[in-house]
Amino acid sequence: MEPEVVLSVRDLRVGFGGVEAVRGVSFEVRAGEVCALVGESGAGKSLTARALLGMLPREATVSGTVRPDLSGARGRRIALVPQDALSALSPVHRVGDQLAAAVRSVRRVGRREARELAAAALDRVGIPGTARSYPHELSGGMRQRAVIAMATVNEPDVLVADEPTTALDADRRERVLGLLAARRESRGTALVLVTHDMDAVRRYAHRALVMYAGRVVEAGPAREVLARPRSPYMAGLLASLPRPDGPRRLYALPGAPPVPGALPPGCAFAPRCPRAAQVCHRGEPPERELDGRLVACHHPDPAGEPG
Amino acid sequence: MSEPLLEVRDLVVRHGATTAVDHVSFSLAPGETLALNGPSGCGKSSTALAVLQLRRPDGGQVRFEGRELTTLTERELRPLRPRLQPVFQDPYGSLSPRQRIRDAVAEPLRLRGRRPTPGQVAALLERVGLDPSYGDRRPRELSGGQCQRVGIARALAGEPRLLVLDEPVSALDPSVRAGVLNLLADLRDERGLGYLFICHDRDVVRHFADRVVELREGRVTSEWRPRRSAAAPR
């Protein structure tokens, strides 16, 4: 039996001043699953993640459904792992007090119990005894752990991590991803991982959603999407990564992603696509199922080229 | 073996009581890319700043084109600076938000007492893959990758021999990063530039560098060559 669906997103749209930046995104995340959102900057990954958390700016217009609606339970059933550990912590409060406040903001527990839960959370991420420290007294790696403790202190069902490792060196990256994976294993916490890091996707994600210009252009089991991308966009993105056995000259996708509100007619990727034909410039391709993969492309690669 | 473009001997940089760079030595030949690799806080960026003499080292030698830089005064360094140029990580932070792109690119020429012609600036922008019309824009009207290309164009304006590239592609999307790395490789091959390349991404380092110096806690722990440079010589 498959684990229960802890998050179901249907036709999510996010717009600003009548211009849609997220244009109908649908996906499901099951308990214990790591779902990666990948794509270039401006594809709508972060806006999608923020919509799940109810953290969009006030002027944003949102439509579609997110079930269960967790935005009112932020911190409790869904929590954000921020990218920048230093700015996510208050410099003038002790780490333990910040975690205890996070507990008491969503749960009716006494001070003492909140402190104990905070200490336990710090313990779980491998920095016991830091509750009485101020953030500046901790190393960068310890601060990173402290914000993970903060995100997980209320045992949420879903964690959303927006580029949690982009600024980190290889060692720290491993530690952060390892901690998030441990949460998943011990408690079945689902993780929505917004990232550029294809190596992290390969090793930690179960499913990958590839976004382009506010839409999902390819979705499926993470390893299969990486090994045999069907959409020319994902194939191009993978070809741009340096690999030990790769060519000396990297493939660079021509042009730049379109700006929301100035989308080309037809498929939004067509002007940059090596496979584009006339039909691609006429109409936007519908999403369709292809061997357990979801692809929105007029000319998906039937076999999938190794990325 | 030709004379090294850059020779660093026993470099020491201290920040207060901590020694960020602890007797680091390496050399770099013209046309060569030497990467400094290691975790955060290993001394990569402190080494880069000391090579550029933007942070005067607390010990050791930095010889550039055979000249010892550490004993030169700021005034004596000035004519040499265009020949060893930095390119930094944050493409927006390294450009003045008020300055037009054209003026940012022309600045190194002006500092050398020349009056840059519009044609020179246009040629530099074109060389880094930007339409010369970008000269009229300001940094915030450009994407991160375009800004980084402007940073490279500006470094090229001084006709450098050595570029110190401090995490030049770390803030960029993979697809944009590929274009910038290709550009840097072309410039290196075409002008015989030496690159001191600082990067924490091992895949990028393996792809781009001829030689890698590993730093830990301010010391050189090992030196290695990515296999590709032997298999595919330029």
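**View 1. Chain B and chain A bury about 2000 Å² between them, 47% of it on carbon and sulfur atoms.** Buried area is the accessible area (1.4 Å probe) lost by two parts on being put together, summed over both. The model is predicted: local features need pLDDT of at least 70 and side-chain atom pairs pLDDT 80 or more, whereas totals for chains, interfaces and linings use all residues. Residues are numbered from 1 along each chain as its sequence is written, chains are lettered from A in the order in which they are written, and side-chain values use heavy atoms, without hydrogens and water. In contact (heavy atoms within 4.5 Å) are 22 residues of chain B and 22 residues of chain A.

**View 2. Arg249(A) and Asp186(B) form a salt bridge.** Their closest N and O atoms are 2.9 Å apart. The term denotes a side-chain nitrogen of Lys or Arg within 4 Å of a carboxyl oxygen of Asp or Glu. Between chain B and chain A the count is 1 salt bridge.

**View 3. Helices α6 (174-191) and α7 (202-208) of chain B each supply at least two residues of the side that touches chain A.** Helices are DSSP runs (H or I, at least four residues), numbered from the N terminus. The largest share of this side, 9 residues, comes from α6(B).

**View 4. Helix α1 (residues 44-51) of chain B is largely enclosed by the rest of the structure, because 6 of its 8 residues are buried.** Buried means under 20% relative accessible area (1.4 Å probe, protein chains only). The buried residues are Lys44(B), Ser46(B), Thr47(B), Ala48(B), Ala50(B) and Val51(B). After α1(B) comes Gln53(B), with a positive phi near 60°.

How values were computed:
Buried < 20%, exposed > 50% of the residue type's maximum accessible area, 1.4 Å probe, protein only.
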